[in-house]
Amino acid sequence: MIEFQNVSKVFNSAGKQIEALKDIQLTVERGDIFGVIGFSGAGKSTLIRTVNLLEYPTAGEVLIEGRNLAKLSEKHLREAKKKIGMIFQHFNLLNSKTVFENVAMPLRLGKVKKIEIENRVNQLLRFVGLEDKANSYPDQLSGGQKQRVGIARALVTNPSILLCDEATSALDPQTTKSILDLLKRVNEEYKITILIITHEMEVIKQICNRVAVMEGGRVIESGSVFNIFSNPQTETARNFVHSVIRDEVPESIIHLLEDDKRQSRIYKIDFLGVSSSQPIVSSAAKEFDVEINILFGNITELQGIPFGNLIVEISGSEIEIARAYKYIEAQNVTINEITDKGVTGNGSKQRTDYEGFVGNVVHG
């Protein structure tokens, strides 16, 4: 659907060359809600603007359904751009125009018939829940309502791709959730592929099925949201994941490890899906001559699948602790010991491939 093939972008500023994008290789499949996340200056805004040629790549190609828009004639480029909608962080509405007029503008510029404009705009205002605001002006709207107008305007030309440039960063958390829910409906009901850039991992968690992490103009990690959250490979990705899922060892537990006299071991247990609903820890405590103390726990949901971790202290003889460990290890979870040097050992590795995991659940 959208392919970035060795895309680079260089800006000239005050006699200096700034590489905003460096050899980007990335594919957004049809039907994806694909997120691109990175800190300020990572290159994500430049990346999304190459899709509709607000920025032309210095090198490489951006292909939309197999076509390089940069090689189209002016006429064909105008037609192609109608299939790419875009919504912005600060809405980009005209304060002198009503809600209806703001949404209708792309159609009027395209010289669409008046009756068609009226039908299409009213349909979309109903879809975004603003049919009663058609004659209002942007200054009379809340931030969330303004973004709904922006979404309606982006959809009015019936695009197949929707670009979202930090679409929720100017909104409060409750309004952000409502806008993300609306974007999910856009994806599901209109079958529109969405490419969203953000610096908020919570946005990725709530709406995306795939994600790319950018740093210094490069894509340093990409994959399914489930895989990135459950097993981030880079420090930047881990930092973003930790902003919404706490899985680091708390300082209080580190202090416990400084006591060499303790007759116990501390383990970190990661679990997903069906394993999260099983009484693994309590069963181990009943089955073996050990005491298990839960020191820390966290659980979240990724694309409808529970995912989380526990940090437990297992007390008892070395033999009984080893038996309890083996029992827990066999329950389709990941368990690793925590020492004063951090998390050690390879543990039992559960599947982190989301599609494979769901397939196992469905097929028994």
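Residues are numbered from 1 along each chain as its sequence is written, and side-chain values use heavy atoms, with hydrogens and water left out. Because the model is predicted, local features need pLDDT of at least 70 and side-chain atom pairs count only at pLDDT 80 or more, whereas totals for chains, interfaces and linings use all residues.

The protein chain has 13 helices and 15 strands, where helices (H or I, at least four residues) and strands (E, at least two) are DSSP runs numbered from the N terminus. Of its 364 residues, 48% are buried, a term that means under 20% relative accessible area, with exposed meaning over 50% and partly exposed in between (1.4 Å probe, protein chains only). Among contacts (heavy atoms within 4.5 Å) with a separation of 6 or more, 69% join residues 24 or more positions apart.

Helix α4 covers residues 114-127, and its 14 residues should span 20 Å at 1.5 Å a residue, which agrees with the 20 Å between its end C-alpha atoms; the expected span is 1.5 Å times one less than the number of residues. The buried residues of α4 are I117, R120, V121, L124, L125 and F127. They lie on the same side of α4, because they cover an arc of only 155 degrees around the axis, taken from the directions from the helix axis to the C-beta atoms. The face turned away from that buried side carries the exposed residues I115 and R126. Just after α4, G129 takes a positive phi of about 80 degrees.

| Helix | Residues |
|---|---|
| α3 | 99-109 |
| α5 | 143-155 |
| α6 | 173-189 |

Two of these helices, α3 and α5, pack at an angle of about 30 degrees with their axes 7 Å apart; axes are lines fitted to C-alpha atoms, for helices over the stretch in contact, and angles run from 0 to 180 degrees between N-to-C directions. That makes α3 roughly parallel to α5, since angles under 35 degrees count as roughly parallel. In this pair, V99, N102, V103 and P106 of α3 meet V149, A152 and R153 of α5.

The loop between β7 (161-165) and α6 holds T168, which counts as buried because its relative accessibility is 2%. Leaving out residues up to four places away in sequence, T168 touches T176, I179, L180, E200 and V203.

Key: Parallel < 35°, antiparallel > 145°, perpendicular 65-115°, else oblique.
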